[in-house]
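User: I would like to know what lies behind the words used for this model. Please set each value against its definition.

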Number of protein chains: 2
Amino acid sequence: MNVKERLGEIAQRVEVRLDELLDAHCEDGLLKDAMRYSLTAGGKRLRPALCLMSAEMFGGEAKALDIACALEMIHTYSLIHDDLPAMDDDELRRGKPTNHVVFGEANAILAGDGLLNLAFEVMLARALDSEEDMPNILRASHIVASAAGVRGMIAGQVADMLFEGKDFDEDVLKYIHSRKTAAMIKASVMSGALAVGVSESDISALAHYGDCIGLVFQIVDDILDETGDQDKMGKTLGKDAQADKQTFATLYGIEESRRIAAEKTDEAIEALAPFGDKAQELIALARLMKDRDN
Amino acid sequence: MNVKERLGEIAQRVEVRLDELLDAHCEDGLLKDAMRYSLTAGGKRLRPALCLMSAEMFGGEAKALDIACALEMIHTYSLIHDDLPAMDDDELRRGKPTNHVVFGEANAILAGDGLLNLAFEVMLARALDSEEDMPNILRASHIVASAAGVRGMIAGQVADMLFEGKDFDEDVLKYIHSRKTAAMIKASVMSGALAVGVSESDISALAHYGDCIGLVFQIVDDILDETGDQDKMGKTLGKDAQADKQTFATLYGIEESRRIAAEKTDEAIEALAPFGDKAQELIALARLMKDRDN
């Protein structure tokens, strides 16, 4: 199976499980509809893929499935809240009307809250499910909570709003992106391995890989915004792409950004050396993230 | 120590710990300021008190302190989001400008998200802190997650918005309040005991107590709204109190509402019979909740 087929297979399995989890935890009605709308609105399921591929290196993909779903719930809630009129005020995402356009602002806020809460409910339930796996699932859940939280993704979004339309330097740009995007990418890789149980040195290696691909992910996003390829791919052109916002592409230029992305991808792949052949999927995924065109 | 002194002592301890947790988890700056603003804006700290008194019945108050703080974080986030322009659009709470009035709508949404996420971060960290306590802390955290979530508090808020300004019957009123308010009151009591570790029959008794006082809490709130006592006490008169909204007081009348509150308080106290003298604090708190004038 090549990496694209594997991504498709993971996306399908995660989507089935997300559906099951929604049905198990929500009553039918407006809230569930609003949550499901954004949860099923497409997306590459990159975070679940990183989590499950990482878990599979240690032979425990099944143990990480609910963590992978929780990662996608948290990612989706962050998109719903980021799109709100008070935030980025986006009316389209992936070519579809955003949550608040369809369900109204109040329900979009609550659907986001619901997804964030459900992510933790699901991880806690999974931890309680097996006494043997409990400490590992807990460690995985805690990494996710930290990355999503007030020193991670939420801090990044606050800083992003604060510096919107302002001139800022490389340090601020790195601060924002390391928190807003890269933290959850890194936590996705780490949580999969943690859910199975790994050594300190293994988790350090994965953290290094996660740091590198988190940065690559953002640089490539910025290049695609700049070169307009995202438009062709049907992705929303929100404020991010329209405004003359500071990005890696504007700061370093396209060519230098591409060079850094390639360099960091190599570094990510080197970090996986201790895992030998088992790391093939994560290596292929790192290359795909660098070369993606949407 | 009488129950009011005990409440004061708990509030103080919880506020010190909330401060510590904020400092430990947040970088200085706008997000932390916004979170701290609402977290320290007063309030009776009723949910932490129920949690800690319940834990103390089983001799484990210290084990439940971080769960108590998480309950208050979740309660506070729900107030911040409920006050937003897209929701209840309240400009004052407890006599102070609401979070979005001070920090802007985007930061208020993010401060709420941050508090919800931090609540889980804190509970997960506490569970990881001790292998011995881990399963108990997890059970407590899971009850909190369920009560706060998409079948609990969030579902109640969605229904509350959906039926706003509409005529509805007793069943809808009970649906809304059992989820929006009572679920977290009940989870507060149960989580304290669960954090220490209790038998199935003990937790059933506490669940029964929690169901009763959750209802009493809401009925008394409705009576105070109706009789305008909340105004005198300096509490915000938001839309809730101004509009001719369906409440227990409008549905049953003041006298019948008072009778039901008294009856349910007795039932709550009876449910604590198995705990004998150890239940004195929770008994006194139930009476105080019935007789409160703010």
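User: Which residues of H7(A) are buried?

Analyst: In this predicted model, the buried residues of H7(A) are A:Asn136, A:Ile137, A:Leu138, A:Arg139, A:Ala140, A:Ser141, A:His142, A:Ile143, A:Val144, A:Ala145, A:Ala147 and A:Ala148. A residue is buried if 20 or more other C-beta atoms lie within 10 Å of its own, exposed if 12 or fewer, and partly exposed in between, with C-beta atoms placed from the backbone. Local features need pLDDT of at least 70, side-chain atom pairs count only at pLDDT 80 or more, and totals for chains, interfaces and linings use all residues. Residues are numbered from 1 along each chain as its sequence is written, and chains are lettered from A and ligands numbered from 1 in the order in which they are written.

User: Why is H7(A) called largely enclosed by the rest of the structure?

Analyst: Because 12 of its 15 residues are buried. The cover over the buried residues of H7(A) includes H4, H6, H8 and H9 of chain A, together with H6 of chain B.

User: What makes residues 134–148 of chain A a helix, and what span should they have?

Analyst: A helix is a DSSP run of H or I with at least four residues, numbered from the N terminus. The expected span is 1.5 Å times one less than the number of residues. For the 15 residues of H7(A) that gives 21 Å, and the end C-alpha atoms are 21 Å apart, so the two agree.

User: Why is B:Ala140 called buried?

Analyst: B:Ala140 has 33 other C-beta atoms within 10 Å, so it is buried. B:Ala140 is part of helix H7 of chain B. Leaving out residues up to four places away in sequence, B:Ala140 touches B:Ile67, B:Ser191, B:Leu194 and B:Ala195. Touching, or contact, requires C-beta atoms, placed from the backbone, within 7 Å.

User: How many residues of chain B are in contact with chain A, and which helix gives the most?

Analyst: 43 residues of chain B are in contact with 43 residues of chain A. H2, H6, H7 and H8 of chain B each supply at least two residues to that side of chain B. H6(B) gives the most, with 16 residues.

Conventions:
Contact = placed C-beta atoms within 7 Å.
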